[in-house]
Amino acid sequence: MYNDIFGNIYDIQKFSVHDGPGIRTDIYLKGCPLSCLWCHSPESQSFTPDLAWLELKCIGCEICGACLNVCPNGAITRGEQTVGLKGEPISYPVVDRSKCDVCLKCAEVCPSKGLFNTLRHVSVEDCMKSVRQDKAFYEKSGGGVTISGGEPISQFEFCLALAKACTEEGFHTALDTTGFAPTEHYLKILPYINLFLFDLKHMDSERSKRLVGVPNELIHENARVLAKNGARFQIRFPIIPRLNDSAENVEATARFCLEIKDAIDVVQILPFHRLGGSKYERLGLKYRMNVNPPDGEAMKRHLSVFTALGLPAQIG
Ligand code: SF4
Ligand code: SF4
């Protein structure tokens, strides 16, 4: 039956150690109703295919150039010649995104996946085949499977079936969620999720709308309802300098955590990083974050607000 339930993912990452306990397989579902300014996975945001280009994989127009002549819209031209890693002359294709309608003909002819579609249409069973390969690692490390995104609950039938399939085979499950999805969906999936990785981004709803594109009332309501119904949480609070790190917002976030304290395993206070910046270039998008990561002293100060309230909290 899991052969018949399909969804769209953009990646499966094995041996992950950051998204729940132990060694995990992370399955990234594509599409998100939020658009966080600091999102480090821009390929996760749209529900439809994206054309991406990766310099590391492209073998260059001199040797290949297969993509140069296939575009029906004339969106691909040969870029300026530069010098490659071995001193050889090399030029790369340049995609004019204003002409591209993501027909993906260029990705189809690319022999090295230099140009590629970020969306993969897969069945639950396809995902489970990857998951099963690392069963021994989960058992040794206390790990399992993390269903992430995007917002995984946006593809609810697929997400639910994936969580059920993992549970039936005895794998620990974590759901990495924005909290912005219908409450009834959270309640339906709750029996199949051992741990919710739940983001709190801004406690002021107007600021939330400006920073992540949606208000926060539903997110907070879902956290409360899940807590009341026995969910376990790993709360994630990303610290984005100047955007959500005011003393007032840090205090309000900690106070909210206090409300659901009994359901929280840990609050992770996560410093902003710029690692996702290069992914924007791959998609022809502009990276808009012009802030530096918070310093160590600031992170300790934020942490102390949580620990002073008796919350189990850590940096990172
Ligand atoms: S995906 Fe875009 S660049 Fe590639 S062939 Fe289609 S229109 Fe052209
Ligand atoms: S077809 Fe692929 S490998 Fe060849 S030049 Fe184009 S992007 Fe590079």
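This is a guided tour of one predicted model, stop by stop.

Residues are numbered from 1 along each chain as its sequence is written, while chains are lettered from A and ligands numbered from 1 in the order in which they are written. Because the model is predicted, local features need pLDDT of at least 70 and side-chain atom pairs count only at pLDDT 80 or more, whereas totals for chains, interfaces and linings use all residues.

**The whole chain.** The C-alpha atoms fill a box of roughly 60 × 50 × 35 Å along the principal axes. Colour by secondary structure to find ten helices and 15 strands (DSSP runs numbered from the N terminus: helices are H or I of at least four residues, strands E of at least two).

**The two domains.** Select residues 6-47 together with 119-315 for domain 1, then 51-117 for domain 2; these bounds come from an automatic or database domain assignment. Their centres, taken over C-alpha atoms, are 34 Å apart. Five residues of domain 1 and six residues of domain 2 form the contact (C-beta atoms, placed from the backbone, within 7 Å). On the domain 1 side, two are nonpolar, one is polar and two are charged (Ala, Val, Leu, Ile, Met, Phe, Trp, Tyr, Cys and Pro count as nonpolar, Asp, Glu, Lys and Arg as charged, and the others, Gly among them, as polar).

**The ligands.** Select ligand 1 and the 14 residues around it, of which Cys71, Ala75, Cys100, Cys103 and Cys106 come nearest (a residue is near if its C-beta atom, placed from the backbone, lies within 6 Å). This shell holds eleven nonpolar, one polar and two charged residues. Next, select ligand 2, where Cys58, Cys64, Cys67, Cys110 and Gly114 come nearest among 14 residues. Here the shell has ten nonpolar, four polar and no charged residues.

**Two loops.** Select Val102, in the loop between β7 (93-95) and α1 (105-109). Its phi is near 55°, a positive value in a residue other than glycine. Then move to Gly150, in the loop between β10 (144-148) and α4 (156-168). A cis peptide bond joins Gly149 and Gly150, with omega about 10°.

**A helix pair.** Finally, select α8 (residues 247-259) and α10 (residues 296-307), which pack at an angle of about 35° with axes 9 Å apart (lines fitted to C-alpha atoms over the stretch in contact; angles run from 0 to 180 degrees between N-to-C directions). Val250, Glu251, Ala254 and Cys257 of α8 meet His302, Val305 and Phe306 of α10. By class, this contact has five nonpolar, one polar and one charged residues.

How values were computed:
Two residues are in contact if their C-beta atoms, placed from the backbone, lie within 7 Å.
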